[in-house]
Amino acid sequence: MTGAGDNIETLNLAQLSLREVNERLQSHNGPGEPGAYRVASPGGVHALACGLDGDIDVEILGHAG
């Protein structure tokens, strides 16, 4: 997990679609990009953060089906 000073982007499923969140996570490109992502309001959705193969941290705040 990353520390408090690290670059963390929050993706909120109450405001974004599952597709938008997954596309953002999968498009992580390294330099200049956040080092970690926090996903808020998952609401039990299935297939969240599927297919990730990059070196990133993803924290899900809540229940992810």
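A: Start with contacts. A contact means heavy atoms within 4.5 Å. Now a case: leaving aside residues up to four places away in sequence, I56 touches L25, H28, G35 and Y37.

Q: What kind of model is this, and how are residues numbered?
A: This is a predicted model, in which local features need pLDDT of at least 70, side-chain atom pairs count only at pLDDT 80 or more, and totals for chains, interfaces and linings use all residues. Residues are numbered from 1 along each chain as its sequence is written, and side-chain values use heavy atoms, with hydrogens and water left out.

Q: Which pattern does the protein chain follow along the sequence?
A: First, the terms. Helices (H or I, at least four residues) and strands (E, at least two) are DSSP runs, numbered from the N terminus. Here the chain has one helix and three strands. Their pattern along the sequence is β-α-β-β.

Q: What is the accessible surface of the protein chain?
A: Accessible areas come from the Shrake-Rupley method with a 1.4 Å probe; for residues, only the protein chains shown count as cover. The total is about 4,000 Å². Carbon and sulfur atoms account for 45% of that surface.

Q: Which residues of α1 are buried?
A: V21, N22 and L25. They lie on the same side of α1, because they cover an arc of only 95° around the axis. The arc is that of the directions from the helix axis to the C-beta atoms.

Q: What covers the buried residues of α1?
A: The cover includes β1, β2 and β3.

Q: Which residues make up the largest nonpolar core?
A: A nonpolar core is a set of buried Ala, Val, Leu, Ile, Met, Phe, Trp, Tyr and Cys residues joined through side-chain atoms within 4.5 Å. The largest one here has nine residues: L11, L13, V21, L25, Y37, V39, L48, A49 and I56. Both α1 and β2 supply at least two residues each to this core.

Q: Where is L18, and is it buried or partly exposed?
A: L18 is in helix α1, which spans residues 18–26. Its relative accessible area is 26%, so L18 is partly exposed. Setting aside residues up to four places away in sequence, L18 touches L13, V45, H46, A47 and L48.

Q: What share of contacts joins residues at least 24 apart?
A: Take the contacts between residues at least 6 apart in sequence. Of these, 52% join residues at least 24 apart.

Q: How many salt bridges are there?
A: Side chains of opposite charge can pair when their charged atoms come close. The rule for a salt bridge is a side-chain nitrogen of Lys or Arg within 4 Å of a carboxyl oxygen of Asp or Glu. By this rule the count is two.

Q: Which side chains meet at 3.0 Å, N to O?
A: Those of E9 and R24, in a salt bridge. This pair links distant parts of the chain: E9 sits in strand β1 (residues 8–12) and R24 in helix α1, 15 residues apart. E9 is partly exposed, at 22% relative accessible area. R24 is partly exposed too, at 23%.

Q: Which residue forms a salt bridge with E59?
A: R38 does, and the closest N and O atoms are 3.1 Å apart. This pair also links distant parts of the chain: E59 is in strand β3 (residues 57–61) and R38 in strand β2 (residues 36–40), 21 residues apart. E59 is partly exposed, with a relative accessible area of 26%. R38 counts as partly exposed at 26%.

Q: What is phi in S41 and A47?
A: Look for positive values in residues other than glycine. Phi of S41 is near 55°. Phi of A47 is about 70°. S41 is in the loop between β2 and β3, and A47 is found in the loop between β2 and β3 as well. S41 is partly exposed at 40% relative accessibility; A47 is partly exposed at 44%.

Q: What does the side chain of N12 reach?
A: The side chain of N12, a residue of strand β1, reaches the backbone nitrogen of A14 at 2.8 Å. Beyond residues up to four places away in sequence, N12 touches A40 and S41.

Technical notes: Buried means under 20% relative accessible area, exposed over 50%, partly exposed in between (1.4 Å probe, protein chains only). A polar contact is a pair of N or O atoms within 3.5 Å; within protein, one must be able to donate a hydrogen and the other to accept it, and residues adjacent in sequence count only if both atoms are side-chain atoms.
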